[in-house]
Each structure stands twice: as C-alpha cells, then as structure tokens.
Amino acid sequence: MKIAIVGASGAVGQEFLTILEEHALQVDELDLYGSPRSAGTTYTFRGREIKVKLLQHNDDFKGTDVALVSAGASTSREFAETITKHGTLMIDNSSAFRMDADVPLVVPEVNPRDALDAPRRIIANPNCTTIQMVVALNAIEKLSHIRRVHVSTYQSASGAGAAAMQELQAQHKALARGEEPAVEKFAYQLAYNVIPHIDVFTENGYTKEEMKMYNETRKIMHSDVEVSATCVRVPVMRAHSESIWVETERPVTVEEARQAFASGEGLVLVDEPAEKKYPMPLFIAGKEPVYVGRVRKDISNPNGLTFWCVSDQIKKGAALNAVQILEWLMKNGK
C-alpha cells in the first residue's frame, strides 16, 4: 500500500509518522508533502530517509492509495481534487468537509461503517474534543438513548499547534524572570490563566469550537442529542480534558455506566476516588485510549450522569483516529 502524509512537518503530521511506525500497518511506499517552508526537510521512517515534497497541483498522487491530510482547512479545500482525482482516498483532519452531506465523519469506535460511503473519496476526521467525547458517550448510548449533553472542556496548548506550546513555555520562563510574557497565539496570556475562548464567536454567543461539538456529535452518532459546550484553553501542554453531564431516556446506574466504560471500545476506566485515582493530562499525554473517571449520578437530575474524560488530542483526537479509520477499512475489505 502506498500512503501519503500531507502536512508532514506539522504536529499531527509528525504524529502520523510515529503511529505508522508503531502500528502493524503494511506501508510499501510513503510520500511526505508540505508547504514551501517544509519542502526538502528529511524524516526517517522504518529506517529510510524520506524527503518532504512540495504540495502542488499535479499528478503526484497518482498511484497513492490513501492520503492522511493535516494541513489546515484552506489547504484541504484547495487540494482535495488534486489529491483524489486518480482515486486516492483522502482522510482529512481539518474542518473543511466535516459537515458536508456527502462526506462521512467517522470515529471508528462509534460509526465505522459510515466510512464505506465516501462518494467524493474524502473521509473527515472530527474535531479533537468531539472525538474523545463521542467515544465515551457511545458506551452510555448503548445502555439508554442520550437526550442531552452539557460539556465543559479544558483544552491544552498543543491543541493550537506546536508554536502555541512553545509560547506557553516561554511565558512561564518570562514570568519566572519577572518579565512581561509575549502573547501571540492566544487572546490573552495562558500561563497561570484559563481562557474561555477557543476559535471565533458566532452569532448565538457560542464559539465555532463549541458549535463543532454540537453539530459533529449529532452527525457521528446519527442522533437528535442536544449538546451545549463551553470550551476553555488551560495552561496544560498536551491532552484535553472534559467534564461531561448526560441525560438519558431512562435512569442509568453508576455501576451500569462504570461497566460500560470499562468494557467500551477505545476506553479505559480510571475511577477510584478513594485512592485518588482519576484521569489527568499529566499521565495520559502520548497514550492512545480515551480515559474516563469520576463517574457519578447527577444529583440534580434523576436521569443524569456526570463523568470526567481525558485524551491526548494529537493522538486519538487527530492522527490516531485517522489511522484507525484506515485500519478499519483495510480489515473490512475496502
């Protein structure tokens, strides 16, 4: 199989390389593509040196089976036809096509069969916050239909890219020296702060990030579930956390929920509050599953549950989910 990575020098592109190295996925040939800034850079994959090619409108993708794309929405829109015109399957990590009716939006633990219907040869990877939430919600949905979700996210600096991580580190160093920290990637200083603002605000007062969680969850789960989100940037380097409240059609007991999480695909239950054991970004960064803890009844709603959810948004929230889509398609004869 011939695979291409578009946006190879970015944080997600680099994670694609790591995951393909780690997973037992047959890769006969690998091409790397990037912008003029990254073209010519060399990376090692399975003992071979591979040079990043300049992404251009030509026939470079002829003969390529799958392109794993993470180069931003504008690049995805511009190059989608170039990438797919010879039959290459494009698994796209941007927001460009997620809500298009003829593009499946896939989380393999939840709706893998949607990936079989991709008439434009494009499959969309959901937003990172949505991915980890629906993997957890899916376990509860199997017990009782979820009517409503309220979620507050605690999103790490790496969700805004490598430069944002560097800015957070630089801000801490500047403050330790008694200097004024530089602010470029975020609306405000992130060090020693939380910022309830991710992406741009929309007319209804929610941000685009928050509306992604509403719209994408309904599409992935094929559900009428109502989702209200508040998305917050926190001074954590890597891995997003979410505090989630769900209302189900029938009361679901804590024990039922815990068993569902413990046996759910892609989930790890860490829920021993008496022993101070619960998921935290500090210990989950770099790991593949979605971790759940703090499972309890919502004392304000007889049909309510609340829980805490943490996942590495560069892995499961981006690169890993895309690779898992590819792995599922390979196992299911596509």
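Predicted model: local features only at pLDDT ≥ 70, side-chain atom pairs only at ≥ 80, totals over all residues.
1. Helix α1 runs over residues 11-22. Its 12 residues should span 16 Å at 1.5 Å a residue, and the end C-alpha atoms lie 17 Å apart, which agrees.

2. The buried residues of α1 are V12, G13, E15, F16, L17, I19 and L20. The elements they pack against are the strands β1 (2-6), β2 (29-34), β3 (42-45) and β5 (66-69), together with α8 (315-331).

3. Helix α3 (residues 128-141) contains V135. This valine has a relative accessibility of 2%, and it therefore counts as buried, the cut-off being under 20%. Neighbours within four places in sequence aside, V135 contacts V107, E109, V110, E265, G266, L267, V290 and K316.

4. Helix α4 comprises 15 residues, 162-176. From first C-alpha to last it reaches 22 Å, close to the expected 21 Å at 1.5 Å a residue.

5. Which residues of α4 are buried? They are A164, E167, L168, Q171 and A174. These residues cover an arc of only 130° around the axis, so they fall on the same side of α4. On the other side of this helix, Q166, K173 and A176 are exposed.

6. One backbone angle should be noted just after α4: G178 has a positive phi of about 80°.

Conventions: Residues numbered from 1 in each chain as written. Heavy atoms only, no water. Helix = DSSP H or I, 4+ residues; strand = E, 2+ residues; numbered from the N terminus. Expected span 1.5 Å × (residues − 1). Buried < 20%, exposed > 50% of the residue type's maximum accessible area, 1.4 Å probe, protein only. Arc of directions from axis to C-beta. Contact = heavy atoms within 4.5 Å.
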